[in-house]
Amino acid sequence: MNDSPRSVDRREALAAIGLAAAALPSLAMAQPPSVTTPNAPAPKDGGKPPIAVVPANAAPAELKIFDEASGQFVLPALPYAKEALEPHIDAQTMEIHHGKHHAAYVAGVNKALGELARIRTAAGDSALIKHWANQVSFHLSGHVNHALFWNMLAPAGKGGGGAPGGELAKAIAASFGSFEQFVAQFKATAASVEGGGWAWLAVEPWSKQLVLIQQEKQQDMWVTGAQPVLGIDVWEHAYYLKYQNKRADYVAAFLNVVNWRFCESLFARAVR
Ligand code: MN
C-alpha cells in the first residue's frame, strides 16, 4: 500500500496532462502502475481515494526512477562505466548526457510536481498550471526515456551489438521482412527525425505489432501508448561532441552497442 501524499501528487500531475498512470507503458515499466483497490479502507482524511501499488517485482533494478521513501524521482546510475561504450559513444558525451541532461530532467519533474502541489494549497499561482503540467510532461518523459536508453546499451562485444534472438527476432522478421531490412529502416528513421527527438522500435499496443516511429518531442510516445523496445536519442547532445553533423555515423555506431537482451525483455513485457 502506498497512500503517501507525494504519490497522490504524481497521479494528479499525470491526470493534469490528461493521462492515467496505467496507460503509460514506459512509466508503468519503470514504476508499477497505480491502481485503486475497491475494498481498501477509506483514507484517514476521507478525501483522496486509496492507492494500492502493484509490487515492482518485474521491473529491472536499473529502472528505479522513483524513490518511494523520499517521494522524489531519482537519477539511476549508469549500468556501466562512462567510457564502456567507446569508441562508439565517447565517455565525455556519456558523462554530460547522463550527469547533466538526464539529471536536469529529474530535477525538472521534481520541481514541477512541487510547484503543482503549492498551487493546490493556494501557495502557488494557479495561472501557471498549464506551464507546470507541461513541465511534468517534458521532464518526466525525458527521465523515463533516458532511464530506458542507458539500459538499451551495453559495451560492444560484452552484451552490446549483434542481433536480437528469441521472440523479438521472430517479430522483427515478421514486421520488417528481415533483420537487415529492419536495420536499414531504423537507420533511415533515426537519421530523418527533425530537430531533436527520438526514433523508437516499439510495440503498438492495440495490434501488438512492431513499428518504427519518430518522436519530435520526447513526450510524444506517451500519447500513442506505444511500448518501447529500442530507442535512440538523436538530440544533438547525444552525439555532437564526437560526430558533429554526421548523425548517420552515430546511428550506425549506436547499433554496435545495442543491448538486445534488454530489448528482448522489453518486448516480452509489451506483448504478454
Ligand atoms: Mn538525451
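**A walk through the model**

Author: Happy to. Let's start in a strand: Ala 199 stands opposite Gln 214 in S6. Keep in mind that this is a predicted model.

Reader: Which residue in S7 does Ala 199 stand opposite?

Author: In S7, Ala 199 stands opposite Ile 232.

Reader: How many bridges join S5 to S6, and how many join S5 to S7?

Author: Seven bridges join S5 to S6, and these two strands run antiparallel. Between S5 and S7 there are six bridges, and that pair is antiparallel too.

Reader: What do S5 and S6 form?

Author: They form a hairpin with four residues between the strands. In the turn, Lys 208 has a positive phi of about 65°.

Reader: Is S5 mostly covered or mostly open?

Author: Mostly covered, with six of its seven residues buried.

Reader: OK, switching to helix H5. Which residues are buried there?

Author: In H5, which spans residues 166–176, the buried ones are Leu 168, Ala 171, Ile 172 and Phe 176. Viewed down the helix axis, the buried residues fall within an arc of 100°, so they line one face of H5.

Reader: And what does the face turned away from the buried side carry?

Author: That face of H5 carries the exposed residues Glu 167, Lys 170 and Ala 174.

Reader: What covers the buried residues of H5?

Author: The cover includes helix H6 (179–191), strands S5 (198–204), S6 (209–215) and S7, and helix H10 (260–271).

Reader: What follows H5?

Author: Gly 177, with a positive phi near 95°.

Reader: I have my eye on Ser 175. Where is that, and what does it touch?

Author: Ser 175 is found in helix H5. Leaving out residues up to four places away in sequence, Ser 175 touches Gln 209 and Leu 210. Ser 175 and Gln 209 are 34 residues apart in sequence, yet their C-alpha atoms are 7.1 Å apart in space.

Reader: You mentioned Leu 210. Which residues touch the most other members of the largest nonpolar core?

Author: Leu 210 is one of them, along with Tyr 250 and Phe 254, in a core of 61 residues. The largest share of this core, eight residues, comes from H4. Domain 1 (5–151) and domain 2 (166–271) both contribute residues, so the core lies between them.

Reader: What does Phe 254 touch?

Author: Phe 149, Leu 153, Phe 186, Leu 230, Gly 231 and Ile 232, again not counting residues up to four places away in sequence.

Reader: Last topic, the metal! Which residues coordinate the manganese ion?

Author: His 97, His 146 and His 237 through NE2, and Asp 233 through OD, at 1.9 to 2.2 Å. The spacing of these donors in sequence is H-x48-H-x86-D-x3-H.

Technical notes
Residues are numbered from 1 along each chain as its sequence is written. This is a predicted model: local features need pLDDT of at least 70, side-chain atom pairs count only at pLDDT 80 or more; totals for chains, interfaces and linings use all residues. Side-chain values use heavy atoms; hydrogens and water are left out. Donors are N, O and S atoms within 2.8 Å of the metal (3.2 Å for Na, K and Ca); water is not among the atoms, so sites may look incomplete. A nonpolar core is a set of buried Ala, Val, Leu, Ile, Met, Phe, Trp, Tyr and Cys residues joined through side-chain atoms within 4.5 Å. Buried means under 20% relative accessible area, exposed over 50%, partly exposed in between (1.4 Å probe, protein chains only). Domain bounds come from an automatic or database domain assignment. Contact means heavy atoms within 4.5 Å. The arc is that of the directions from the helix axis to the C-beta atoms. Two strands pair if DSSP finds at least two bridges between them.
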